[in-house]
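Please have the structure open while reading.

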Amino acid sequence: MDNSIASFKNKYVVDPRLAKKEISCLYWAAQGKSSEETAILLHLSKNTVETYRKRIKTKLNCRNMAHAVHKGIRCSCGQDPYI
């Protein structure tokens, strides 16, 4: 796992239902990356990234990735990271 993703996991509490690759996709979504950009960064196909994003939204019961990022990540201090 990339250092920036590891530090992301240390700084925030990530929903435990998410698999490692899903966490990586969530991280890059939080950084504003598209499915295509995420695919390049993770050396995956765009379709694979879109599948991970669909799984994230299903697991977290979200309609879009913005909601998934908000719901899937909490500060380690227990507060919302975006307030």
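Lysine 46 has a relative accessible area of 40%, so this residue counts as partly exposed. The model is a predicted one. The lysine 46 side chain meets that of glutamate 50 in a salt bridge, at 3.9 Å from N to O. Glutamate 50 has 28% relative accessibility and is also partly exposed. Both residues belong to helix α4, four residues apart, or about one turn of the helix. In general, an α-helix has 3.6 residues a turn, so residues three or four places apart point the same way.

**Salt bridges**

How many salt bridges does a search of the whole structure find? The search gives two. The other pair is glutamate 22 with lysine 59, whose closest N and O atoms are 2.8 Å apart. This pair links distant parts of the chain, 37 residues apart. Glutamate 22 sits in helix α2 (residues 20–30), and lysine 59 in helix α4 (residues 46–60).

Is glutamate 22 buried or exposed? Its relative accessibility is 2%, so glutamate 22 counts as buried. Lysine 59 is partly exposed, at 32%.

The table gives the relative accessible area of each partner.

| Residue | Relative accessible area | Class |
|---|---|---|
| Glutamate 22 | 2% | buried |
| Lysine 59 | 32% | partly exposed |
| Lysine 46 | 40% | partly exposed |
| Glutamate 50 | 28% | partly exposed |

**A buried charge without a partner**

Arginine 53 is another residue of helix α4. Arginine 53 is buried, yet has no salt bridge. Which side chain of opposite charge is nearest to arginine 53? It is glutamate 37, 7.1 Å away. A salt bridge needs a nitrogen and a carboxyl oxygen within 4 Å.

What does arginine 53 touch instead? Leaving aside neighbours within four places in sequence, its contacts are Ala29, Lys33, Ser34, Ser35, Thr38 and Met65. Two of these contacts, Ser35 and Thr38, are also listed among the buried residues of helix α3.

**Helix α3**

Helix α3 covers residues 35–42. Ser35, Thr38, Ala39 and Leu42 are buried there. Seen down the helix axis, the buried residues of α3 fall within an arc of 105 degrees, so they line one face of the helix. What covers this buried set? The cover includes α2 and α4.

Just after α3 comes histidine 43, with a positive phi of about 60 degrees.

How values were computed. Residues numbered from 1 in each chain as written. Predicted model: local features only at pLDDT ≥ 70, side-chain atom pairs only at ≥ 80, totals over all residues. Heavy atoms only, no water. Helix = DSSP H or I, 4+ residues; strand = E, 2+ residues; numbered from the N terminus. Buried < 20%, exposed > 50% of the residue type's maximum accessible area, 1.4 Å probe, protein only. Arc of directions from axis to C-beta. Contact = heavy atoms within 4.5 Å. Lys, Arg positive; Asp, Glu negative; His and termini not counted.
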